[in-house]
Amino acid sequence: MNKNIDHTDPAKDMNMERGNGGETHQRAGDDTKILTTQQGVPISDNQNSLKAGPRGPTLLEDFVLREKIHHFDHERIPERIVHARGSAAHGYFELTESLEEYTTAKILTETGKQTPLFTRFSTVAGSKGSKDTPRDVRGFAVKIYTEEGNWDLVGNDMPIFFIQDAMKFPDLVHAVKPEPDRGFPQAASAHDTFWDFVSLSPETMHNVIWLMSDRGIPRSLRMIEGFGIHSYRLINKAGKSTFMRFHWKPVLGVQSTTWDEAVKISGADPDYHRRDLFESINNGDFPEWEFGVQLFTEEEASKFPFDHLDATKMIPEEMVPVKIVGKMVLNRYPDNFFAETEQVAFCPSHVPPGIDFSNDPLLQGRLFSYLDTQLSRLGSPNFAQIPINAPKCPFANNQQDGHMQMQVPKTRVLYEPQSLDPTRPRESVKRGFASFAETLDDGVKGRIRAESFADHYSQPRMFYRSQTTIEQAHIASAYAFELGKVDTAHVRSRTLGHLRNIDEDLASRVAKALGMELPEAADAAAPIQDMEISPAVRTIGLSPKSLKGRMIGILVAEGSKHSEIEKYEKAAQAQGASVKIIAPNKEVTLDDDTIIQADERVAGGPSVMFDAVVSIIMPDQAKKLAKDSATLDWFTDAYVHCKAISYCGATDEFILSKLPIEKDAFVTPLSDLDVFIENAKSRLWEREPKVRDLA
Ligand code: HDE
């Protein structure tokens with residue numbers, strides 16, 4: 001709430017002049033920075049092009065105009081083919097426990113040191129300008145500027161991937177992207193081509209069920225987990241290798257929205273996640289993750305009931321615990337979106353000595369793809385020289401020239417071996433990167449899929465059976481929603497055949513919601529196993545019961561009680577929540593004549609943007625608001641999204657009483673402040689079956 005509204009216009013104090021057309025010239029004073037061309041030539045007029053007379057044609061000689069327009073014409077670069085929409089932040093990595101026994105990499109052996117990093121989160125399918133809240137996987141890419149070179153941990157918010165072999169990636173992406181003939185749907189998997197592809201590729205079933213779960217619609221980027229998916233290798237001083245899968249665990253826990261909420265948020269604020277990241281960092285609420293590793297030997301891996309080189313398989317935490325060895329804190333929002341968030345280029349092949357790759361065929365394909373894509377996206381093999389991509393440790397090599405070369409090497413010698421310039425860099429057996437000396441099987445060369453990759457149903461079955469009842473209902477409803485958008489009957493039916501192999505109850509619920517008969521179960525290439533339940537894959541009930549990271553919306557209007565608003569604000573903020581004031585007008589006079597500035601007007605700040613809501617309004621205002629559909633939706637949505645609502649007498653009499661809102665444990669009067677604060681830490685999921693027809 002901003003009480004000190006300042007209406008003074010700083011432009012008045014500047015060196016302003018009006019031109020003939022009333023346009024504003026911001027003239028530089030003696031000590032102001034002077035506007036120049038790219039060549040450093042000072043500019044005298046940035047408002048008018050050079051003309052032959054006041055009404056005459058514009059002259060071609062106007063180099064100021066031409067340079068300005070020319071640069072503008074080339075402002076766009078191709079967006080990422082996948083993960084185009086992203087938001088990022090700077091921060092640091094700190095190791096809390098050394099992994100010296102397993103690796104020589106300094107970043108994993110030197111504790112207590114803060115190493116700078118840059119993290120970019122993304123959606124996968126949508127283009128750069130699409131919304132933040134589609135049902136989608138989230139990318140979770142971290143570039144750690146270690147003293148032994150950059151380490152790019154390019155992961156997702158789900159521990160498995162859709163396909164097992166890089167060969168299938170272009171097909172997967174073509175299937176989920178807008179259909180090529182019609183150019184839609186944008187940022188959505190709910191269409192025929194996606195479900196056609198996945199229903200013909202049973203290996204996708206595991207990632208698809210994660211996508212259909214609440215993890216596909218996160219509440220905030222601060223509340224997602226990160227997974228490297230593939231097994232990597234750690235190599236120690238003795239050259240011994242241990243497999244590692246890495247994890248990021250959000251301190252705020254994993255939290256999601258409901259589907260109805262996600263759909264409405266995308267209209268209310270397409271930048272919902274980006275804004276949340278920006279605001280939380282600017283408020284000093286720095287997002288934080290624990291860094292954990294699952295470590296296992298080749299021998300242990302050989303006893304897993306699946307192949308760890310198969311990226312469609314996770315290693316349940318209950319089988320190999322996640323050892324927490326460090327943390328990441330994001331504490332600075334980028335200064336410039338394009339220069340940093342857009343130009344950052346991640347490559348899983350960027351690893352420091354002591355970390356190496358496994359033979360996962362998906363990872364092997366990725367090791368080529370990322371370097372390749374940066375060439376067409378950033379336009380030059382010199383993309384590593386862009387400040388956000390450049391290592392922060394010394395680097396030197398003999399690569400030369402190319403588009404946008406920023407370095408000016410002062411030497412005759414850009415080759416090796418050489419005997420002319422002793423200052424030039426040399427290789428180092430002692431400190432250099434060395435691949436693990438793996439003994440390979442004498443297998444037969446061919447386009448082969450390992451038989452150990454054949455079980456596509458046991459893990460999605462384990463995932464579904466590990467969920468709470470309410471999450472299972474969300475998953476079934478998500479399948480029903482997505483398949484409801486699929487017009488081709490045989491695609492829907494084929495998908496149901498796979499669901500039967502995952503869980504008969506799931507298949508029946510989805511079939512019922514679609515009004516379809518269950519088909520034969522799909523043929524399974526390997527026997528389906530009943531694995532142990534893994535509570536760690538749930539979201540409900542796993543996040544800490546806390547107000548930290550949550551947002552409370554308080555509805556006020558003319559004459560609202562200032563003391564009451566402050567009471568709620570203070571109580572929420574004391575527990576780490578943020579508060580936004582919503583009002584019918586931007587500026588509102590309260591009962592004690594204080595004029596405050598609302599953060600949003602009601603139509604601009606629907607309740608989907610908050611975790612819990614409060615209403616403090618006077619009877620005359622309540623009567624008026626009772627006729628406003630945005631206000632009625634404000635309360636109805638908060639209720640159907642299972643949120644805590646605190647109401648005053650006038651709200652109850654003139655608004656709530658007209659709406660299908662039951663006074664359950666989470667709908668409480670203003671006087672029950674403590675109850676509201678407790679409720680606001682979670683949602684009343686038991687309300688959901690009363691307000692929504694779940695599958
Ligand atoms: Fe990516 N992926 N990917 N991917 N990926 C890209 O690289 C690719 C895969 C992931 O914020 C592209 O710079 C192939 C798995 C993230 O800039 C491209 C395959 C995982 C990001 C590419 C995969 C990811 C990307 C597009 C299968 C999780 C965004 C733009 C073999 C472990 C990074 C770019 C950012 C981006 C290729 C599969 C994560 C085309 C070929 C598995 C987080 O190179």
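## Annotated active site

In this predicted model, the unreviewed UniProt entry places the annotation "active site" on His83 and Asn156. These positions span 74 residues in sequence, but no two of their C-alpha atoms are more than 10.4 Å apart, so they gather at one spot.

His83 sits in the loop between α1 (63-73) and β3 (86-95). The residue is buried because 23 other C-beta atoms lie within 10 Å, and the cut-off for burial is 20 or more. Leaving aside neighbours within four places in sequence, His83 is in contact with Ser122, Val124 and Gly139.

Asn156 belongs to strand β6. Asn156 is also buried, with 23 other C-beta atoms within 10 Å. Beyond its neighbours within four places in sequence, Asn156 is in contact with Val137, Arg138, Gly139, Phe140, Phe227 and Ile229.

## Surroundings of the ligand

The ligand is surrounded by 26 residues, of which Arg80, His83, Gly139, Ala166 and Ser369 are the closest. By class, this shell has 14 nonpolar, nine polar and three charged residues.

Several elements contribute to the shell: β4, β5 (138-146), β6 and α9 (361-378) each supply at least two residues. Helix α9 gives the most, with six residues.

## Annotated binding site

For "binding site", the unreviewed UniProt entry lists Arg80, Arg120, Phe169, Arg366, Tyr370 and Arg377. Arg80 from this list is also one of the closest residues to the ligand.

Phe169 lies in helix α2 (residues 169-176). With 17 other C-beta atoms within 10 Å, Phe169 is partly exposed. Its contacts, leaving aside neighbours within four places in sequence, are Ile163 and Gly365. Arg366 is placed in helix α9 and counts as buried, with 22 C-beta neighbours inside 10 Å. Ala166 is itself listed among the closest residues to the ligand.

## Val154 in strand β6

Strand β6 (residues 149-156) also holds Val154. Val154 is buried because 22 other C-beta atoms lie within 10 Å. Leaving aside neighbours within four places in sequence, Val154 is in contact with Ala141, Phe346 and Pro348.

Val154 and Leu506 are 352 residues apart along the chain, and their C-alpha atoms are separated by 32 Å.

## Strand β3 and its partners

Strand β3 is mostly covered, with seven of its ten residues buried. On pairing, β3 runs antiparallel to strand β4 (residues 114-123), and nine bridges join the two. Within this pair, Ala89 stands opposite Thr119 in β4.

Strand β3 also pairs with strand β11 (residues 323-332), in the antiparallel sense and over six bridges. Here Gly91 has Leu330 in β11 as its bridge partner. In a regular strand, side chains alternate between the two faces of the sheet.

## The parallel sheet

An open sheet is formed by six strands in the order β17-β14-β13-β18-β19-β20, with parallel pairing. Its edge strands are β17 (600-601) and β20 (667-669), each of which pairs on one side only.

Inside this order, strand β18 (residues 612-616) pairs with strand β19 (residues 644-647) in the parallel sense over four bridges. Ala612 has Ala644 in β19 as its bridge partner.

## Domains and their contact

The protein chain is divided into domain 1 (86-179 + 219-385) and domain 2 (551-691). The centres of domain 1 and domain 2, taken over C-alpha atoms, are separated by 37 Å.

Contact between the domains involves eight residues of domain 1 and seven residues of domain 2. On the side of domain 1 that touches domain 2, the residues divide into two nonpolar, two polar and four charged.

Technical notes:
Residues numbered from 1 in each chain as written. Predicted model: local features only at pLDDT ≥ 70, side-chain atom pairs only at ≥ 80, totals over all residues. Domains from an automatic or database assignment. Contact = placed C-beta atoms within 7 Å. Nonpolar A, V, L, I, M, F, W, Y, C, P; charged D, E, K, R; others polar. Buried ≥ 20, exposed ≤ 12 C-beta atoms within 10 Å, placed from the backbone. UniProt positions renumbered as here; feature names shortened; annotations may be inferred. Pairing = 2+ DSSP bridges. Near = placed C-beta within 6 Å.
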